Amino acid sequence: MSESAIRTRIAPSPTGDPHVGTAYVALFNYCFARKHGGQFILRIEDTDTARSSRQSEEAILSSLRWLGLAWDEGPEVGGPCGPYRQSERAELYRRTAGQLLEAGHAFRCFCKPDRLARMREEQKAAGKRPGYDGQCLSLSDSEVQSRLGHSEPFVIRMKVPREGTCVIQDLLRGNIEIAWDTVDMQVLLKADAMPTYHLANVVDDHAMGITHILRGEEWINSAPKHKLLYEYLGWSMPVLCHLPLLRNPDKSKLSKRKNPTSLLFYKRMGYLPEALLNYLGLMAWSMPNGEEKFSLNAMVQEFSLERISLGGPVFDLRKLDWLNGRWIREDLDDDQFAERVRQWALNERWALNERFLKQWGPLVRSRIAVLSDLGPLLAPFFSGIISITPELLLDGKLDRNAVSTGLALALDRIENVEWNKDEIEKMLRDVAAEMGAKLRDALRPFYVAITGSAVSVPLFDAMEILGRDLCRARLRHAREVLKH
RNA sequence: GGCGCUAUCGUCUAGGGGUUAGGACGUGAGAUUCUCAAUCUCAAAACCCGGGUUCGAUUCCCGGUAGCGCUACCA
């Protein structure tokens with residue numbers, strides 16, 4: 001097989017919010033395909049008609065696009081192996097199931113769900129492995145025909161060897177041995193004539209020429225079913241590579257109960273797609289040179305499956321924040337930053353004035369981890385008079401008298417200052433000197449008066465942008481507050 | 001319960017038969033700064049346990065333990 005023949009896929013199921021785990025697996029499939037000049041395919045696995053929704057599908061597609069994981073073939077993009085939505089390929093699965101039936105590799109099962117549920121419970125209670133008991137395996141042809149004649153609902157199950165061992169070859173884990181008697185006679189075609197994952201997945205991976213399956217570790221135990229289907233159908237099996245699962249801080253599989261898992265969340269919080277992708281690339285994978293900040297293209301360049309470590313990585317929001325901050329600081333200039341914020345805000349349904357962004361952007365850029373941190377940082381500058389307390393004003397080293405004096409001095413001089421940050425700084429330095437206070441001590445109440453907090457963007461810049469009128473009003477307000 | 005996978009600082013990881021086991025996040029201390037960030041310096045912090053193989057194992061093998069996953073007409 002030539003290297004350019006490599007084809008990988010991501011096959012999300014549109015049954016909920018776009019999951020960060022989907023992006024994670026997509027990233028590795030994308031990098032592997034791109035690295036080897038192959039194709040990366042997106043296929044929608046919507047065979048669960050009850051849970052799948054078009055809305056979910058759209059959210060998944062747009063989220064993956066937002067991240068920059070472009071696929072070569074897929075719904076809306078098209079390609080030679082379409083359609084790429086399993087619900088539109090149902091006929092193919094039915095035909096394949098029919099083939100398996102004819103070849104004696106599968107059988108019709110008329111068992112009612114409640115009997116199966118009871119059976120499983122009894123098996124569990126008896127300490128046995130739950131699994132289909134093979135009741136319909138021995139149905140005679142005439143029995144089957146008669147039940148079909150009565151339109152009894154049925155499913156199609158695959159036959160599975162009762163003894164021996166299946167050896168699964170995993171690219172990273174080597175040979176995995178799984179005894180056949182631990183493999184259930186899996187339903188392939190459901191009563192609604194839709195396929196289960198196992199059938200549809202195998203049929204499509206074959207039909208779409210997938211050469212390498214990189215998927216979550218959770219699939220290891222069902223790999224024998226897939227291998228068996230490939231054998232039954234006389235198809236060659238793609239290379240398997242099971243990726244470690246992303247974990248919650250308590251090490252359980254990443255779940256929304258314990259960790260934000262929706263890509264929509266990360267978008268709304270103001271994580272940059274580059275940063276999120278970069279962080280996912282840090283999960284179980286590392287650059288040969290140890291660099292932690294890298295672009296998608298750089299990851300593609302250096303990608304190799306051998307650099308995947310197998311311990312399940314804990315998804316750590318704090319490190320993501322750090323990385324996102326670095327991307328904001330190091331990879332965007334002031335204009336780009338303003339534009340990103342504008343776009344992000346638009347997505348949140350509020351429009352930010354360009355001039356506003358150009359003014360405040362440089363002051364806040366190094367002070368945020370995610371774009372939504374802008375809210376609290378800039379809120380005081382959306383206001384006229386801000387609410388402050390005497391406690392806040394007197395929180396520093398200066399006493400009430402000194403603070404009052406300082407405010408009065410500034411209020412006095414503010415009128416004669418040329419209104420730019422350098423002159424404002426000079427003026428306040430003079431005030432501090434006159435008070436005999438250190439600059440930092442003298443400035444503290446001014447931070448509170450002007451920005452509402454002792455923790456804020458730089459004071460002189462803020463004053464320049466706010467303008468003389470607002471600053472005067474806020475200083476006066478602070479003086480009033482101190483009197484009470 | 002059965003089966004499977006995995007195991008290096010709290011977290012992400014590098015490494016690999018002989019290393020002071022490296023880096024990063026976070027934490028603590030300091031420097032710098034108009035506050036806060038950012039930046040810089042320093043510090044504490046790890047090879048799960050027990051057997052083998054070996055002159056020597058954290059590294060290779062086996063067992064244990066632990067964590068996780070799977071055990072549906074969901075994927």
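**Figure 1. Salt bridges across the predicted model.** Counting a salt bridge as a side-chain nitrogen of Lys or Arg within 4 Å of a carboxyl oxygen of Asp or Glu, we get 40 salt bridges. This is a predicted model, so local features need pLDDT of at least 70 and side-chain atom pairs count only at pLDDT 80 or more, while totals for chains, interfaces and linings use all residues. Residues are numbered from 1 along each chain as its sequence is written, and side-chain values use heavy atoms, leaving out hydrogens and water.

**Figure 2. Close-up of Asp-204 and Arg-43.** These two side chains meet in a salt bridge at 3.7 Å, N to O. Asp-204 sits in helix α6 (residues 197-207) and Arg-43 in the loop between β2 (39-42) and α2 (54-67), so the pair ties together parts that are 161 residues apart in sequence. Helices (H or I, at least four residues) and strands (E, at least two) are DSSP runs, numbered from the N terminus. Asp-204 is buried, at 0% relative accessible area, and Arg-43 is buried at 0% too. Here buried means under 20% relative accessible area, exposed over 50%, and partly exposed in between (1.4 Å probe, protein chains only).

**Figure 3. Close-up of Arg-326 and Glu-330 in helix α11.** Their side chains form a salt bridge at 3.0 Å, N to O. The two are 4 residues apart in α11 (residues 317-331), which puts about one helical turn between them. Arg-326 counts as buried at 18% relative accessibility, whereas Glu-330 is partly exposed at 44%.

Figure 4. On a 1 Å grid over the protein atoms alone, a pocket is an open set of points where a 1.4 Å probe fits, with protein on both sides within 12 Å along at least five of seven lines; lining residues have an atom within 4 Å of a point. The volume is the space filled by probe spheres set on the points, which are joined across faces, edges and corners. Of the 36 lining residues, Ser-13, His-19, Thr-22, Glu-218 and Trp-219 lie nearest the centre of the largest pocket. Helix α1 gives the largest share of this lining, 4 residues.

**Figure 5. Close-up of the second largest pocket.** This one holds about 450 Å³ of space. It has 18 lining residues, and those nearest its centre are Leu-116, Arg-120, Val-155, Arg-157 and Val-187. The elements giving two or more residues to this lining are α4 (113-125) and β4 (155-158).

How values were computed. Chains are lettered from A and ligands numbered from 1 in the order in which they are written.
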